[in-house]
Amino acid sequence: MIKLPGLIDPHVHVREPGQTHKEDWDSATQAALSGGVTMILAMPNTKPPIFDASTLDIALDAAKQKARCDYAQFIGAGPDNADILPNLASKAAGLKMYLDSTFGELRLDDMTLWMPHFEKFPKGYPIVLHSESRTMAAGILFAALYDRPVHIAHISLKEEVLLIKAAKEKGIKVTCEVCPHHLFLNNEDLTGLTYGRREVRPQLGTKEDVDSLWKNMDVIDCFATDHAPHTLTEKDSDNPPPGFPGLETLLPLLLTAVDQGQLTMDDIIQKSVINPREIFHLPEQPETWVEVDEHAEYEIHAADQFTRCGWTPFEGWKVKGKVRKVVLRGKTAFEDGKILAEPGSGENIRK
Ligand SMILES: [Zn+2]
């Protein structure tokens, strides 16, 4: 049995408020704990989106009642909320900006709408960018122009990891995360699945992209799941929403990579605990750890998972390394497949 610190997942779609048939603060945090994740940072593109004081209260009220692991909630940048967000910064995980096409209230049509957010959001709080390919290059230019840190969500392409590497070498304050599905899958995998079940944003990269991410692992600051649960009915519909669940497969996949010599245990601790803590200014969780049986081999099955969405792109995968027990702030929160933490026992780490 090995003991790890509780993992931090800086990119989770909890789906509450608004889409609790996919997930809510209860099911998402159960999925987190069973995957060895003791702190999640929740994304703001809910229904309604979290983009002002009242919507932030809606999300934090639900989390307070239901969350079983620790958490913080991002606020989302919109075309006309740059003036009100600085006052909310201390209550939020950080500011999330969707720089590529998105819909509704978080849509930022052109770069003039990015400027007030970069000018006004306090420099001590993180800005996370959903920005792919050349949009990411524009986001890094903003980090340089405004001399403030930005964190690039879910990088997936060779050109992205190489540009971030070059930017870091120039001293630009940029960090990044990669999702397990962009490390362990390429666009030629999952061919046995329906079209909808292969839909994810960013899309899966080519084999060359995936190889480049592995080759430049030292450039990648964090592992993040981008846990994005949608039901199977939705995924198999004519208009499937993009996204994969990932909270429960993150650590088993990483441990399997350690077993195969692709990663070290230190990589996991660095990119899932130490770096996210530093980038997002997160507190240490006292008396918190994860016990893992590094020799246990098993198959991933959606039927064993706590996420409400009912599927996983890694169905049937053989992995080595099983989460046996999770202790959160001195209390056993998960043990041998059972959630023991009560709803509401999770703490808002920005309080
Ligand atoms: Zn996301």
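Helices (H or I, at least four residues) and strands (E, at least two) are DSSP runs here, numbered from the N terminus. With that in hand, take Asp-336, which lies in the loop between strand S13 (331–335) and strand S14 (338–339). Asp-336 has a positive phi of about 45° although it is not a glycine. Asp-336 is also exposed, with a relative accessible area of 53%; buried means under 20% relative accessible area, exposed over 50%, and partly exposed in between (1.4 Å probe, protein chains only).

A few ground rules first. This is a predicted model, where local features need pLDDT of at least 70 and side-chain atom pairs count only at pLDDT 80 or more, while totals for chains, interfaces and linings use all residues. Residues are numbered from 1 along each chain as its sequence is written, and side-chain values use heavy atoms, with hydrogens and water left out.

Now the metal. The zinc ion has His-11 (NE2), His-13 (NE2) and Asp-226 (OD) as its protein donors, at 2.1 to 2.2 Å. Donors are N, O and S atoms within 2.8 Å of the metal (3.2 Å for Na, K and Ca), and water is not among the atoms, so sites may look incomplete. Along the chain, the donor residues follow the spacing H-x1-H-x212-D. His-11 sits in strand S2 (residues 7–12) and Asp-226 in the loop between strand S10 (222–223) and helix H8 (232–235), so this pair ties together parts that are 215 residues apart in sequence. Are these two buried or exposed? His-11 counts as buried at 1% relative accessibility, and Asp-226 counts as buried at 6%.

Most residues other than glycine have a negative phi, and most peptide bonds are trans. The peptide bond from Glu-16 to Pro-17 is cis, with omega near 10°, and Pro-17 is in the loop between S2 and H1. Another cis bond joins Lys-47 and Pro-48, with omega about 0°. Pro-48 has its place in the loop between strand S3 (37–42) and helix H2 (53–66).

Back at Met-97, the residues in contact (heavy atoms within 4.5 Å), leaving aside neighbours within four places in sequence, include Trp-114, Phe-118 and Leu-129.

Two of those turn up again among the rings: Trp-114, Phe-118, Phe-142 and Tyr-146 are linked by ring pairs into a cluster. Rings of Phe, Tyr and Trp (its six-membered ring) pair if their centres lie within 6.5 Å; planes under 30 degrees apart count as stacked, over 60 as edge-to-face and the rest as tilted. The whole structure has 10 aromatic pairs. One of them, Phe-142 with Tyr-146, is stacked, at 5.6 Å centre to centre and 25° between the planes. Phe-142 is buried, at 4% relative accessible area.

Rings also meet charges. Lys-3 has its charged end over the ring of Trp-289, 4.2 Å from its centre, and Lys-322 lies over the face of Tyr-298, at 3.9 Å from the ring centre. The test is NZ of Lys or CZ of Arg within 6 Å of the ring centre and within 35 degrees of the ring normal.

Ser-34 is in helix H1 (residues 25–34) and counts as buried at 12% relative accessibility. Its side chain makes a polar contact with the side chain of Glu-248 (3.4 Å). A polar contact is a pair of N or O atoms within 3.5 Å; within protein, one must be able to donate a hydrogen and the other to accept it, and residues adjacent in sequence count only if both atoms are side-chain atoms. Ser-272, in helix H10 (residues 265–279), is buried with a relative accessible area of 0%. Among the residues that Ser-272 touches, beyond those up to four places away in sequence, are Leu-7, Ile-8 and Phe-223.
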